Amino acid sequence: MKAMPWNWTCLLSHLLMVGMGSSTLLPRQSPPPSQKRSFVTFRGEPAESFNHLVVDERTGHIYVGAVNRIYKLSSDLKVLVTHQTGPDEDNPKCYPPRIVQTCNEPLTPTNNVNKMLLIDYKENRLIACGSLYQGICKLLRLEDLFKLGEPFHKKEHYLSGVNESGSVFGVIVSYNNLDDKLFIATAVDGKPEYFPTISSRKLTKNSEADGMFAYVFHDEFVASMIKIPSDTFTVIPDFDIYYVYGFSSGNFVYFLTLQPEMVSPPGSTTKEQVYTSKLVRLCKEDTAFNSYVEVPIGCERGGVEYRLLQAAYLSKAGAVLAQTLGVRPEDDLLFTVFSKGQKRKMKSLDESALCIFILKQINDRIKERLQSCYRGEGTLDLAWLKVKDIPCSSAHLLCEQFHGKDMSQCPEAVMEQIYKMGSWTSWAVDSSHMKAMNDRPDAVLCVCLLHTQM
């Protein structure tokens, strides 16, 4: 089969905020010929696919994570620097990576799929993690993509054995006078003994420091991580948590996920596997991860549920949208794209919708559920971690009041569906990458499209 070249096209499209809260979604319509715009494009190497894109908010430079390559582009998509990351001799069955210990598996030339791309603004470096060697990461200087470090000699240095590009997400938490933290969330691909699904790592100032990517806290019994128990796979053999987006706000770190679960359809005694979108929240200063909370999230209108999360982005409300939603301009809004159905985790071609959630309202709902759980009401419905429902126990502490302190009385999860909280736009969406900016009257949405050209 002849390889098709990949294009990366960036365009600006007006996001019309009319009909917020309306029950009508307008179908996609092409603009009249007089309104069509010319697009700037960047074309990578033949047969090369793009995986991730990040933009330096200070310079406007664009960094693209591709298969076997990292690109630095100007704001008008001109190539400034490239850094090759693969291919190299490897085998996905080598645990630990063969660069750490001799591997008996046959080695073959293997592509390096970019799985995570983050800008570390504090140290002016790019964190680029790939699929080679079970998720080894490079730390590259932003200016010229010079390799500052590539930690690989400890188990903590390989972060994920999944080869898919959309299965790992990272969030950096910065401090003024201390080393930063890197929260890593990853699918485990049936190998929970090697990879925690969520962990917090040290992000040292020195890119070659021995402690780079070490767990923030680790002793004989507790560590800054959560692993999927092996018992979970007896219930759902192909169980995994797929991470779509991550961000930090206030005292918390959040991840948006897709998770499989077994449910019984109405009127049926047998169970079938479906996928549910869930928002995961952790306290930034909780080194033992006792504050872990997850809640189902989705949109519903006219009895139709949109529950398969496709993409998300956090942005400030801005003056115009804040007035529409009745919030402050500086409040955080979570823009999400959901598609219909629950039986597929991959990108769905079914009808999709753009929904906007007010983050404060989500936190208020979580707080209410935590308070009821402290009163002993309900269960900790976290089947994948506990394999069974655990009754809530009475307690008198709220996690929000004890950042960095003993949080052993905090429940590990609460389940409270967050539906009908999202404001609806009158625009149908099927893009998987979006960045919304709503602080100007024209409310611009920047959309980056990845596509093939026949």
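This is a predicted model: local features need pLDDT of at least 70, side-chain atom pairs count only at pLDDT 80 or more; totals for chains, interfaces and linings use all residues.
**The open sheet**

Four strands make up an open sheet, ordered S9-S10-S11-S12. Their pairing is antiparallel. Strand S9 (114–120) and strand S12 (147–149) sit at the edges, and each pairs on one side only. On average, neighbouring strands of this sheet are turned by 30° against each other, direction ignored.

S9 and strand S10 (residues 125–130) run antiparallel and are joined by six bridges. Within this pair, Leu-118 has Ile-127 of S10 as its bridge partner. In a regular strand, side chains alternate between the two faces of the sheet.

**The hairpin of S13 and S14**

S13 and S14 form a hairpin, with six residues between them. Strand S13 covers residues 168–173, and strand S14 covers residues 180–186. The two run antiparallel, joined by six bridges. Val-173 has Lys-181 as its bridge partner in S14. S13 is mostly covered, with five of its six residues buried.

Where is His-157 found? It is in the loop between S12 and strand S13. Its relative accessibility is 0%, so His-157 counts as buried; the cut-off for buried is under 20%. A polar atom of the His-157 side chain lies 3.3 Å from the backbone nitrogen of Phe-152.

**Thr-234 in helix H1**

Thr-234 belongs to helix H1 (residues 232–235). Its relative accessibility is 65%, so Thr-234 counts as exposed; exposed means over 50%. The Thr-234 side chain reaches the backbone oxygen of Asp-231 at 2.4 Å.

| Side chain | Backbone atom | Distance |
|---|---|---|
| His-157 | nitrogen of Phe-152 | 3.3 Å |
| Thr-234 | oxygen of Asp-231 | 2.4 Å |

Which residues make the nonpolar surface patch of about 310 Å²? They are Phe-217, Phe-221 and Val-222. Phe-217 lies in the loop between strand S15 (198–203) and strand S16 (225–226). Phe-217 has 34% relative accessibility and therefore counts as partly exposed. Patch residues need over 30% relative accessible area.

Methods:
Residues are numbered from 1 along each chain as its sequence is written. Side-chain values use heavy atoms; hydrogens and water are left out. Patches are made of residues with over 30% relative accessible area and no salt bridge: like charges are joined within 9 Å, nonpolar side chains (Val, Leu, Ile, Met, Phe, Trp, Tyr) within 5 Å. Accessible areas come from the Shrake-Rupley method with a 1.4 Å probe; for residues, only the protein chains shown count as cover. A salt bridge is a side-chain nitrogen of Lys or Arg within 4 Å of a carboxyl oxygen of Asp or Glu. Buried means under 20% relative accessible area, exposed over 50%, partly exposed in between (1.4 Å probe, protein chains only). A polar contact is a pair of N or O atoms within 3.5 Å; within protein, one must be able to donate a hydrogen and the other to accept it, and residues adjacent in sequence count only if both atoms are side-chain atoms. Two strands pair if DSSP finds at least two bridges between them. Axes are lines fitted to C-alpha atoms, for helices over the stretch in contact, and angles run from 0 to 180 degrees between N-to-C directions.
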